[in-house]
Amino acid sequence: MNERPSGSDHTFPPDSPASEFSCPQWWQIDPQAPFQLGPRQLPGRIWTASGCFGYGLTGHEITGDDHASPYVGLGAVVTKTLTPEPRAGNPMPRLVELPVGALNSIGLENVGFGHFLDEVLPALAKQQVPVIVSMAATRPEQFGVMAMRLQQAAADVSCWHGVELNLSCPNIAEGGHDFGSNPDTVTACVAAARPHLGDRALLAKLTPNVTRIAPLAEAARAGGADAVSAINTMVGLEVDLVSGRPILPRRTGGYSGPALLPIGLAMVDAIVREVAIPVVAVGGIATPADALKYFALGAVAVQVGTAQMRDPFAAAHIAASLRPARR
Amino acid sequence: MTSTGSPSCRRSLATAVSNHPVSRDLKVLEVRLPGPLDFRPGQFAMLNFPGPHELVFGRPLSILAVQGDRVSFLYRVVGRGTAQLASLRSGEPVTFLGPLGTPFPAPGGRRPVVLLAGGVGLPPLLAWWQRYGREQDHAFFGARDGGDVPWELLDPAWQISVDRPAGLPATRQAEVGLVTETCRRRLGEPQAGAEPGLVQACGPLPMLRAATTLAASWQWPCLVSVEEHMGCGYGVCRGCVLPGRDGSHLTACQDGPVLDSAVIDWESFGGEKT
């Protein structure tokens with residue numbers, strides 16, 4: 001057998017049934033119960049992170065040993081980030097696996113906002129998949145236009161619960177990371193989208209590639225965000241020793257995976273302690289125990305990213321595992 | 001079955017049954033699933049190990065054969081993940097996500113199908129041969145030398161090509177040269193007016209290029225099974241793309257691995273520039 005540490009900390013979904021994870025006594029929240037986020041009631045607290053679960057599983061089905069579908073128990077699928085126009089994304093290679101994480105440079109490849117509204121969102125609505133729409137733009141006012149178009153196209157779509165502004169993708173040359181590290185632009189982007197969203201939740205996804213993250217959370221709050229998502233990937237680089245050059249064509253990429261957990265915990269803790277805004281935690285969550293650590297710090301919901309790419313049932317397993325034991 | 005008719009994908013905890021060498025550096029791993037599996041030749045599965053601090057991503061291995069709940073894979077150790085798979089022993093757990101990807105089609109009508117396999121590119125074509133192979137079809141396998149050939153897996157209908165005539169068993173024949181050259185020599189030029197056949201190839205990139213060129217010279221279509229590093233394997237991460245001729249990016253995991261070679265931008269493939 002492989003030598004593996006035992007104990008809940010190291011139980012990876014979904015190789016052990018949910019019943020094998022025992023929640024600590026202090027945990028009394030059912031993550032599959034609805035909760036209020038700003039003006040919107042969300043169906044649950046375990047979400048999939050943007051870029052790690054596509055636009056949901058449109059077009060195919062996956063069943064698991066313990067779950068009929070990867071959607072079971074999910075509070076939301078945060079879509080792959082959409083931009084006003086389709087993007088082909090970055091050249092290959094785009095993904096480098098490292099010992100405790102992965103470096104990606106996908107470059108916001110996406111089908112474009114128009115196609116998403118016309119084709120993808122109706123397919124998600126048909127399946128009643130709870131959706132948060134992730135969007136990126138290069139100017140603050142574009143977020144307003146996208147929010148308005150979404151509201152017009154999807155006002156009747158009850159499973160569309162909100163938007164997440166991607167203010168922090170490190171993989172595009174314009175906008176993205178530089179954009180999201182300036183508190184004034186964060187406020188401007190959020191404020192541009194807010195008036196168009198009605199009773200839908202508005203989240204701002206923050207970059208960790210700054211000295212202090214709390215001022216960005218404060219800037220999002222000031223612009224009218226209902227919550228912040230923290231954290232996005234960290235800028236990283238890997239070198240190919242044969243060529244002596246960076247592996248990724250654009251040199252750097254976004255580092256994600258288990259290595260981010262302690263960094264994400266520290267940043268979420270800083271936001272919770274310094275800023276009066278709900279935090280949706282994301283960064284390095286692979287197990288129920290990882291998610292619980294964020295909840296312990298005060299996160300209202302969590303997102304599963306790289307682990308969801310590894311296993312389409314990762315988030316569903318965490319959602320099933322974190323139902324508190326009956327006393 | 002899904003609405004599109006392809007076998008539905010399953011995520012399961014599997015158990016290794018056996019893991020043994022079939023040539024100098026090819027091994028066959030057999031795993032047992034909780035229930036029977038359906039697949040199409042050309043499809044693959046993502047294999048990984050339980051435990052969050054094992055491999056960040058699974059490893060895509062092409063399915064060689066399925067018998068009931070047993071699935072076998074032919075693979076070569078090329079890095080950390082396959083090295084770890086090579087150390088799997090009977091009874092040990094392995095996570096399975098599959099079958100995934102676009103398969104090779106079933107043969108249509110009378111038109112001949114020519115299979116060109118190189119090295120570890122054998123499993124999808126061997127699976128196709130075992131399920132569909134007919135009298136009018138032809139199967140070719142290329143390797144560096146006799147030690148690289150998994151003889152026990154290849155029935156005598158397979159024509160073997162080697163770069164060097166070393167390590168060849170007394171009972172089997174092999175030609176020296178590229179697999180595409182052997183194929184052209186054996187089959188000759190298609191007769192004028194004959195129904196065009198189909199080339200199906202899987203192997204290293206230069207071999208896929210040569211297969212495409214060979215098929216084009218006969219004015220036959222060519223399907224290739226491509227290999228890329230993958231993240232998710234199930235179409236959500238967009239990490240395994242290759243350049244399409246229309247400027248789009250094709251995912252190896254979902255648009256492929258089997259693609260019409262006419263849709264690939266061969267000038268950029270394998271050395272795409274910004």
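Reader: What should I keep in mind about numbering and confidence?

Author: Residues are numbered from 1 along each chain as its sequence is written, and chains are lettered from A in the order in which they are written. Because the model is predicted, local features need pLDDT of at least 70 and side-chain atom pairs count only at pLDDT 80 or more, while totals for chains, interfaces and linings use all residues.

Reader: Which radius of gyration does chain B have, and what would a compact globule have?

Author: The radius is taken over C-alpha atoms, and the globule rule is 2.2 Å times the number of residues to the power 0.38. For the 274 residues of chain B a compact globule would have a radius near 19 Å, and the chain has 18 Å, which agrees. Its C-alpha trace spans about 55 × 50 × 40 Å along the principal axes.

Reader: How many helices and strands does chain B have?

Author: Helices (H or I, at least four residues) and strands (E, at least two) are DSSP runs, numbered from the N terminus; chain B has four helices and 15 strands.

Reader: How many residues of chain B are in contact with chain A?

Author: Two residues are in contact if their C-beta atoms, placed from the backbone, lie within 7 Å. By that test 37 residues of chain B are in contact with 41 residues of chain A. On the chain B side, β1(B) gives the most, with five residues. Strand β4 (residues 62-64) of chain A runs parallel to β1(B), joined by three bridges (strands pair if DSSP finds at least two bridges between them), and Ile62(A) stands opposite Cys9(B).

Reader: Which residues touch the most other members of the largest nonpolar core?

Author: In soluble globular proteins, nonpolar side chains tend to be buried together. A residue is buried if 20 or more other C-beta atoms lie within 10 Å of its own, exposed if 12 or fewer, and partly exposed in between; a nonpolar core is a set of buried Ala, Val, Leu, Ile, Met, Phe, Trp, Tyr and Cys residues joined through C-beta atoms within 7 Å. Of the 182 residues in the largest core, Val228(A), Ala230(A), Val279(A), Val302(A) and Ala211(B) touch the most other members. Leaving aside neighbours within four places in sequence, Val279(A) is in contact with residues including Val228(A), Ala230(A) and Val268(A).

Reader: What do the buried residues of α5(A) pack against?

Author: Those buried residues, among them Leu216(A) and Arg221(A), pack against α4, β10, β11 and α6 of chain A. Gly224(A), with a positive phi near 110°, follows the helix.
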